[in-house]
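Student: I would like to go through this model term by term, asking each time what a label rests on. Could you set the values against the definitions as we go?

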Amino acid sequence: MKDKEEILRMFPDYFRHIWESVAAQSGSLQEIRLRADCPVILRFAGRECFLAGDGNITYHMEQAYRIGRKELDGVLNHICRYSVYAFEEELRQGFLTIPGGHRIGVAGQVVTDPDGCVRRLKHISYLNIRIAHEITGAADGVMPYLYREGRFLSGMIISPPGCGKTTMLRDIVRQVSDGNSYGSGQCVGVVDERSEIAGSYMGIAQNHVGIRTDVLDGCPKVAGMMMLIRSMAPGVVAVDEIGSLEDVHALLQVLRCGSSLIVTVHGSSMEEVREKAYMKELLEQKEFKRFIVLTRKKGRCMVEGIFDEEYMPCCGL
């Protein structure tokens, strides 16, 4: 019921009636795509459909409800509490996070500074409402492999898009922070560049990331990792979507400071990640003791395998 109310609260009072049926299925709702003068597209459990004019769900585009420019502006203004200017900095980054940890991606006309940096967005015409789903226990199956004699081992989650890597990362952070049957609780530092791990709203995590977790929300990964090392002394540092040589150099610094890491990277296999040029230096150090490979089969996210620092299987599922 709480999730249903959170979804309805995203929309102005006069517009909520059309979302009742969608909100009632909040458990499987993943995305709401709003584009000015275009059909409203929904995604439930990986399957795309449309919002019909009567508020029901349809798979026929000709029956889809087309949201007008004025209505889309009304939704954005409502989300920004009728002060879009107050959210200008968040909008400049391309997204907002709202209560419940749900994230609103935005796109429109970009205004840049003379040096090419994004100054602000105007004429916002596209909204991508991504519904946050916490799955407590999502990492239960991998936790035994992330510890050795009570010590947390640095790990890397490898996954194609949409296979649950951030969900698993979040639950690992929670379990490491709170403590579990394999190790006592540790201080965890999270660099949450896109507000997807903790889902912070006004600095407070909306997702359960553990009692010993400190979060840098909206902070670039490279700067954030060293800020946490200097200020919060975490035993474990968690970051999502490593994707550059600069990220790798920051990870190596964290490891030299004595902290463990839990990170994610895009990839469909262990071999694909090993072939990424920017990963070579990191993998040569063999500091990462566990590699968790995720996949999707028959519409279901699952662990395909867990590998050690020699890339030998610890577990094949």
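Student: What makes strand β13 (residues 188–192) largely enclosed by the rest of the structure?

Tutor: Five of the five residues of β13 are buried, so the strand is largely enclosed by the rest of the structure. Buried stands for under 20% relative accessible area, exposed for over 50%, and partly exposed for what lies in between, with a 1.4 Å probe and protein chains only. Strands here are DSSP runs of E with at least two residues, helices are runs of H or I with at least four, and both are numbered from the N terminus. This is a predicted model, in which local features need pLDDT of at least 70 and side-chain atom pairs count only at pLDDT 80 or more, while totals for chains, interfaces and linings use all residues. Residues are numbered from 1 along each chain as its sequence is written, and side-chain values use heavy atoms, with hydrogens and water left out.

Student: Which residues of β13 point one way, and which the other way?

Tutor: Val188, Val190 and Asp192 point one way, whereas Gly189 and Val191 point the other way, and all are buried. In a regular strand the side chains alternate between the two faces of the sheet.

Student: How do you know that β13 pairs with β14 and with β15?

Tutor: Two strands pair if DSSP finds at least two bridges between them. β13 is joined to β14 (residues 213–217) by five bridges, in parallel, and to β15 by four, also in the parallel sense, so both meet the cut-off of at least two. Gly189 has Asp214 as its bridge partner in β14, and Val191 stands opposite Val239 in β15.

Student: Why is Gly243 called partly exposed, and why is Arg300 called exposed?

Tutor: Gly243, found in the loop between β15 and α7, has a relative accessible area of 46% and is therefore partly exposed. Arg300, found in strand β18 (residues 300–307), has 55% relative accessibility and so counts as exposed. Gly243 and Tyr278 are 35 residues apart in sequence and 7.9 Å apart in space, C-alpha to C-alpha; for Arg300 and Gly46 the corresponding values are 254 residues and 9.1 Å.

Student: How do you know that the length of helix α7 (residues 245–256) agrees with its number of residues?

Tutor: The expected span of a helix is 1.5 Å times one less than its number of residues. The twelve residues of α7 should therefore span 16 Å, and the end C-alpha atoms are 17 Å apart, which agrees. Its buried residues are Asp247, Val248, Ala250, Leu251, Leu252, Val254 and Leu255, and they pack against α6 (221–232), β15 (236–239), β16 (260–266) and α9 (280–284), where contact means heavy atoms within 4.5 Å. After α7 comes Gly258, whose phi is positive, near 95°.

Student: Why is the pair of Phe288 and Phe291 called tilted?

Tutor: Rings of Phe, Tyr and Trp (its six-membered ring) pair if their centres lie within 6.5 Å, and planes under 30 degrees apart count as stacked, over 60 as edge-to-face and the rest as tilted. The structure holds eight aromatic pairs. In the pair of Phe288 and Phe291 the centres are 6.4 Å apart and the planes stand at 35°, so the pair is tilted. Phe288 is buried because its relative accessible area is 2%, and Phe291 counts as buried at 1%. Elsewhere, ring pairs link Phe11, Phe15, Trp19 and Tyr65 into a cluster.

Student: What makes β5 (57–58) and β7 (95–97) edge strands?

Tutor: Seven strands form an open sheet in the order β5-β4-β3-β1-β9-β8-β7, with antiparallel pairing. β5 and β7 are its edge strands, as each pairs on one side only. β7 pairs antiparallel with β8 (residues 103–112) over three bridges, with Leu96 opposite Ile104.
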